[in-house]
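Please read it alongside the structure shown here.

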Amino acid sequence: MSASLVRATVGAVSKRKLQPTPAALTLTSSAINKIKQLLKDKPEQGGLKAGVRTRGHNGLSYTLEYTKTKGDSDEEVVQDGVRGFIKKKAQLTLLGTEMDYVEDKLSSEFVFNNKHQRNVWLWKKF
């Protein structure tokens, strides 16, 4: 009985078209270049991990930290040779976010642009 049930389930699933899902976090070319530069200076690190923490009036701010490995509940994002991880608590908040790196005369920072939220949150120089 269970063998026929398994075959029926596999047959039903195999006929469905798989839909690509959007990346949880996308990186601009300037963010990719800066992350590559940062990781070049710290070859023992495997990538950067993005998270959120409670802070300020809007309730959340983004965090970035070096990491050697992927955590059990982390989501991995790979783009143009850069490995990044998203902490479980931040996955829904970062969904659809673009991470950019901007420099001007007085500052340099990663900027998180999320089309689903009104605010642009900044993370100051690494």
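How many helices and strands does the protein have? The protein has three helices and eight strands, where helices (H or I, at least four residues) and strands (E, at least two) are DSSP runs numbered from the N terminus. This is a predicted model, in which local features need pLDDT of at least 70, side-chain atom pairs count only at pLDDT 80 or more, and totals for chains, interfaces and linings use all residues. Residues are numbered from 1 along each chain as its sequence is written, and side-chain values use heavy atoms, with hydrogens and water left out.

**Fold**
- Along the sequence, the pattern is α-β-α-β-β-β-β-α-β-β-β.
- Of the 126 residues, 34% count as buried (under 20% relative accessible area, 1.4 Å probe, protein chains only).

**Residue S108**
- S108 lies in strand β7 (residues 108-114) and is buried, because its relative accessible area is 9%.
- The S108 side chain makes a polar contact with the side chain of Y101 (3.2 Å); such a contact is a pair of N or O atoms within 3.5 Å, one able to donate a hydrogen and the other to accept it, and residues adjacent in sequence count only if both atoms are side-chain atoms.

- The largest cavity holds about 100 Å³ of space; a cavity is a set of points on a 1 Å grid over the protein atoms alone where a 1.4 Å probe fits but cannot get out, and lining residues have an atom within 4 Å of a point. Its volume is the space filled by probe spheres set on the points, which are joined across faces, edges and corners.
- Of the 13 lining residues, L25, L27, L48, G84 and F85 are the closest to the centre of this cavity.
- Strand β5 gives the most to the lining, with five residues.

Technical notes:
Buried < 20%, exposed > 50% of the residue type's maximum accessible area, 1.4 Å probe, protein only. 1 Å grid on protein atoms, 1.4 Å probe; cavity = no way out; pocket = protein on both sides within 12 Å on 5 of 7 lines; lining within 4 Å.
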